[in-house]
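Thank you all for coming; I would like to walk through one model with you, a few places at a time. Please have the sequence and the structure open while I speak.

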Amino acid sequence: MSKLLHTSQITSTVQTHRSSFSAILHLSKTHAPCLPLHNHLHLSPLLSPLHSKSVSLLDTTSSLPRNHLSFTHCLNFIAPVTHHRSLSIRAFDDSVSATETQKPEKEQETKEQESHAKKGGDYPSGEFEFEEFGVWKKFGVKLKMLVAFPWERVRKGSVLTMKLRGQISDQLKSRFSSGLSLPQICENFVKAAYDPRISGIYLHIDSLNCGWGKVQEIRRHILNFKKSGKFIVGYVPTCREKEYYLACACEELYAPPSAYFSLYGLTVQGSFFRGVLEKVGIEPQVERIGKYKSAGDQLTRKSMSEENCEMLTTILDNIYGSWIDEVSSTKGKKKEDIEKFINEGVFQVEQLKKEGFITDIRYDDEVITMLKEKLGMKTDKNLPLVDYRRYSRASKWTLGLSGGKDLIAVIRASGAITRVKSPTSLPSSSGIIAEQIIEKIRVVRESKKFKAAIIRIDSPGGDALASDLMWREIRLLAASKPVIASMVDVAASGGYYMAMGTPTIVAESLTLTGSIGVVSGKLNLENLYEKIGFNKEIISRGKYAELLAAEQRPFRPDEAELFAKMANNAYKMFRDKAAFSRSMPVDEMEEVAQGRVWTGNDAASRGLVDAIGGFSRAVAIAKEKANIPQTNKVTLVELSRPSTSLPEILSGIGGSLVGVDAALKEMLRELTFSEGVQARMDGIFYERLEGASFANPILTMIRDYLSSL
């Protein structure tokens, strides 16, 4: 499936690509407990005691595993401010005796109630304040630089260059890994602000492929860096709304005369499969729980529902409004002037300069010459540049920025959720492996050296069983020490399942959350089988034995009734558990559920998120919860360190045969085992149909044929 959204779009789209169309007929086996639907569409991360096979419309761009049992981002942002339920952590768990954890659980409930009752403005902001080093500290830093390792040494008067382009991960990267790392980008901004060897930053901003949450975090660090008094110059060869959102925060902004600017506004789209399915003889039988749950609409409708239109319009207005507010504030213009400029459809770079949207029109070499002049260098001399990757190796200790004695653990969870690691995946493969996350959580819980923990979540969800197991471990951790959830681009379905295990949730204002709902169903292939001359007969024992096996006919009335009850039961289980986790009455939670997607700001105004902010605010709140003075430094211990094994070193060499082979295999895997039709919003999946099965040989042949076209 081609990319549905570039920087200037917010897209909720299900596009018909021949490989994704073949995925409509693609079957897969699910191994986690869920709604047991053989050859069915299942869109809930809820648990069920049955195991089954599932049919799914598959996503050709996703990297979610085939045995993922959640088809949606059933995000449960249910954080009330004043009402609390007196429930134990054991309300949904019978794995251990109730007396074993009764005391810490009651203490945790008290902490959660205090946390949920607290308004976002009452939490510490974590705002960056630049403090000049004293004479002795400056002297100490110089001594440390003299004994620094060779790879940490930087020439005095250097300019830090960072190229922000493509995907940006929230995971740490080793020096052998390709791609950009958000925590390392942010750390470089902080180090450069204090590093006496760095004169300023030259920031290249190109086409970005990340969500608005990461963009907000980077923009915040650009503004923080400017407090140091050093210059930061931006350069944009291609620029849409997201790139300009970052670039306009720079002190100066340049573009070449041939730059591609397209500041035309944002869009949201919806595409529907019903007409396509009718033509090929497929009848979707869908049970949708939640009036805003649009994934079922994409299969059963030919146009957008009023509820879906309302939801997407609200999200679009929030993002567009935030963009207008930030740009107008940064450029010192009225909001009306910014909107007027966008509606004029300006693309000429000369007009952008005239209107004050860029500083000047210059090529890259001309900007470098200008930087030489700014530093008082001769134009025939080389400008001392240090790139992002090399500067990432400079330690904070060398710059006098090492933390204090109090330790806070940081566990990063990014990507699709699976319970166990695939035997064929590389060590550098992205995704949340529940086994590994649980191991890290237990290390933090059992260690007395950690005063608090931060769970950093950037996930569209995944395996429901894996999410529930992590939720349980996070709850146990929160019973022993403060735990803060910090969301990035998206925390949906299983991603929010993890977050709701913590007493306090911090999200960016444009983080995508919500979608608490269930869409279940199956594909009735009776007409398709008739067209292609295929027949299937089943011999069964038991009234409902064929419920999970008979895709060659529609549901009988009694089967349809049972199917609807199962879906409703799954929804109630998920909703009630979410309400319990956020100390919210079920009826209040129901008002913000119904499958609706929210931005962080809307979630906070409804008590679904505790505070708006980035990672620094999560750290500040963790310090407060752990009774650490805000003026005290803390040491952040990253438990999700990157691997430096030989397979990762080889896989990180993009130009090698190994790198090419890995890329080809990944592409083929996505084409063949793609996880579903998606409603994709600006790079974030917030509705997903997932699962796969190869049980049906006819559908497998059709899939393989269409994939080969």
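Predicted model: local features only at pLDDT ≥ 70, side-chain atom pairs only at ≥ 80, totals over all residues.

In which helix does leucine 146 lie? Leucine 146 lies in helix 3, residues 135-146, where helices (H or I, at least four residues) and strands (E, at least two) are DSSP runs numbered from the N terminus. Residues are numbered from 1 along each chain as its sequence is written, and side-chain values use heavy atoms, with hydrogens and water left out.

Leucine 146 is exposed because its relative accessible area is 63%, given that buried means under 20%, exposed over 50% and partly exposed in between, with a 1.4 Å probe and protein chains only.

Glutamate 473, found in helix 15 (residues 464-478), counts as buried because its relative accessibility is 8%. Leaving aside neighbours within four places in sequence, glutamate 473 is in contact (heavy atoms within 4.5 Å) with Ile438, Ile441, Arg442 and Arg445.

Serine 583 sits in the loop between helix 18 (557-581) and helix 19 (586-592), and serine 583 is buried, with a relative accessible area of 4%. Although serine 583 is not a glycine, its phi is positive, at about 55°.

Glutamine 594 lies in the loop between helix 19 and strand 23 (597-599), and its phi, near 60°, is likewise a positive value in a residue other than glycine.
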